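Biologist: I would like to learn how to read a helical model. Could you take me through it feature by feature?

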Amino acid sequence: MKELFDDVSFKCSKLVTKNYSTSFSLAVYMLSPSIRDAIYSIYGFVRFADEIVDTFHGYNKEDLITDFEEEYYKALERGISLNPILNSFQQTVKQYNISDDLVQAFLRSMKLDLIKSDYHSKEEYDAYIYGSADVVGLMCLKVFVAGDDKRYEQLKDEAMRLGSAFQKVNFLRDLKDDNLVLNRNYFPGVDLNSFDEKAKTQIINEIEEDFRVAYEGIVKLPIEAKFGVYTAFVYYKKLLKKLENTPCSEIGSSRIRVSNYSKAGLLAKSFVSYKLKLV
């Protein structure tokens with residue numbers, strides 16, 4: 001009856017997604033049912049690793065992330081794990097041939113959060129974003145193209161730029177917690193204690209360019225994935241616009257959000273654009 005356990009495992013990953021991110025959960029729901037479980041499993045894996053390094057204060061985070069990594073590789077070797085999040089993820093890795101270099105790059109960036117608090121150069125910044133976000137976009141792309149390596153190669157740059165855009169928006173949104181709670185600054189050359197409009201505008205312009213390139217890939221995605229990814233794209237664009245219109249002092253002292261009412265409106269507009277084949 002391993003099928004029952006596998007089903008429970010994927011449902012656990014779905015539960016993690018729904019509880020940790022209503023916006024991402026909504027976007028996943030807009031994907032074809034045939035690929036939702038795989039994306040839930042990817043989110044569950046990356047979310048748990050991120051929670052270890054960001055929120056499990058009072059515990060030995062280094063031991064926890066090491067154990068998490070070791071248990072993942074045991075799951076990959078055995079084809080099963082009693083950790084349902086790892087059990088579902090290892091199945092997705094195998095089914096969609098997600099390369100280990102993507103998983104390792106992600107885990108490296110997570111481990112950096114345990115030892116590094118400032119990023120002083122663009123090279124350091126780009127390397128962190130590649131591991132923490134770009135590779136997650138590539139994992140999802142592996143699912144979206146369902147083994148079509150040619151299509152994967154054609155869309156990988158745009159998938160990485162979308163991952164970068166999402167991560168940079170998160171950095172800007174989470175400025176308060178990253179700076180005051182976790183004592184981190186991901187933006188090279190930016191003093192968060194004197195964060196001003198010039199620095200904010202520079203970051204926003206960089207994100208807008210990432211979004212521009214990413215959109216070129218979204219329109220080329222398989223039908224099973226296009227609307228779900230576009231939904232996430234529209235939500236993050238709205239969040240970026242809200243951050244752009246928020247004073248720097250407020251970004252540095254509170255967490256900016258898009259209301260559930262606004263999310264519903266964005267979903268409706270996205271659906272109309274999709275149905276009219278404007279995407």
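This is a predicted model: local features need pLDDT of at least 70, side-chain atom pairs count only at pLDDT 80 or more; totals for chains, interfaces and linings use all residues.

Biologist: Which residues of α1 are buried?

Modeller: Asp 6, Ser 9, Phe 10, Ser 13, Val 16 and Thr 17. They cover an arc of only 110° around the axis, so they sit on the same side of α1.

Biologist: What do the buried residues of α1 pack against?

Modeller: They pack against α2, α3 (33-55) and α5.

Biologist: How many residues does α1 have, and what is its reach?

Modeller: α1 has 19 residues. From first C-alpha to last it reaches 27 Å, close to the 27 Å expected at 1.5 Å a residue.

Biologist: Let us zoom in on one residue. Is Thr 17 buried or exposed?

Modeller: Thr 17 belongs to helix α1. Its relative accessibility is 0%, so Thr 17 counts as buried. The cut-off for buried is under 20%.

Biologist: Which residues does Thr 17 contact, leaving aside neighbours within four places in sequence?

Modeller: Phe 24, Ser 25, Tyr 40 and Tyr 43.

Biologist: Now a pair of helices. What describes how two of them pack?

Modeller: Two packed helices are described by the angle between their axes and the distance between the axes. Here, take α1 (residues 2-20) and α2 (residues 22-29). Their axes come within 5 Å and cross at roughly 130°. That makes α1 oblique to α2.

Biologist: Which residues meet there?

Modeller: From α1, Thr 17, Lys 18 and Tyr 20. From α2, Thr 22, Phe 24 and Ser 25. The residues of this contact divide into 2 nonpolar, 3 polar and 1 charged.

Biologist: Let me try another helix. Which residues of α5 are buried?

Modeller: Ile 85, Leu 86, Asn 87, Ser 88, Phe 89, Gln 90, Thr 92 and Val 93. These buried residues pack against α1, α3, α4 (61-78), α6 and α7. As for span, α5 has 12 residues and reaches 17 Å between its first and last C-alpha. The expected value is 16 Å at 1.5 Å a residue, and the reach is close to that.

Biologist: And how does α10 read?

Modeller: Helix α10 covers residues 197-218, which is 22 residues. It reaches 30 Å from first C-alpha to last, close to the 32 Å expected at 1.5 Å a residue. Its buried residues include Ile 203, Ile 204, Ile 207, Phe 211 and Val 213. Lys 200 and Asp 210 are also among the buried residues of α10.

Biologist: What covers the buried residues of α10?

Modeller: The cover includes α8, α11 (223-244) and α12 (248-251).

Biologist: Where does Asn 97 lie?

Modeller: In the loop between α5 (84-95) and α6 (100-115). Asn 97 counts as exposed, because its relative accessibility is 55%.

Biologist: Where is Ala 146 placed?

Modeller: In the loop between α7 (122-145) and α8 (149-173). Ala 146 is exposed, with a relative accessible area of 59%. The cut-off for exposed is over 50%.

Biologist: Now sequence versus space. How far apart are the C-alpha atoms of Ser 270 and Phe 227?

Modeller: They are 43 residues apart along the chain, and 7.9 Å separates their C-alpha atoms. Ser 270 sits in helix α13 (residues 260-275). It is buried, with a relative accessible area of 2%. Not counting residues up to four places away in sequence, Ser 270 touches Phe 227, Tyr 230, Thr 231 and Val 234.

Biologist: How far apart are Glu 124 and Phe 187 in sequence and in space?

Modeller: In sequence, 63 residues; in space, 9.8 Å from C-alpha to C-alpha. Glu 124 is in helix α7. At 29% relative accessibility, Glu 124 counts as partly exposed. Leaving aside neighbours within four places in sequence, its contacts are Lys 116, Asp 118 and Tyr 119.

Key. Residues are numbered from 1 along each chain as its sequence is written. Side-chain values use heavy atoms; hydrogens and water are left out. Axes are lines fitted to C-alpha atoms, for helices over the stretch in contact, and angles run from 0 to 180 degrees between N-to-C directions. Helices (H or I, at least four residues) and strands (E, at least two) are DSSP runs, numbered from the N terminus. Angles under 35 degrees count as roughly parallel, over 145 as roughly antiparallel, 65 to 115 as roughly perpendicular and the rest as oblique. Contact means heavy atoms within 4.5 Å. Ala, Val, Leu, Ile, Met, Phe, Trp, Tyr, Cys and Pro count as nonpolar, Asp, Glu, Lys and Arg as charged, and the others, Gly among them, as polar. Buried means under 20% relative accessible area, exposed over 50%, partly exposed in between (1.4 Å probe, protein chains only). The expected span of a helix is 1.5 Å times one less than its number of residues. The arc is that of the directions from the helix axis to the C-beta atoms.
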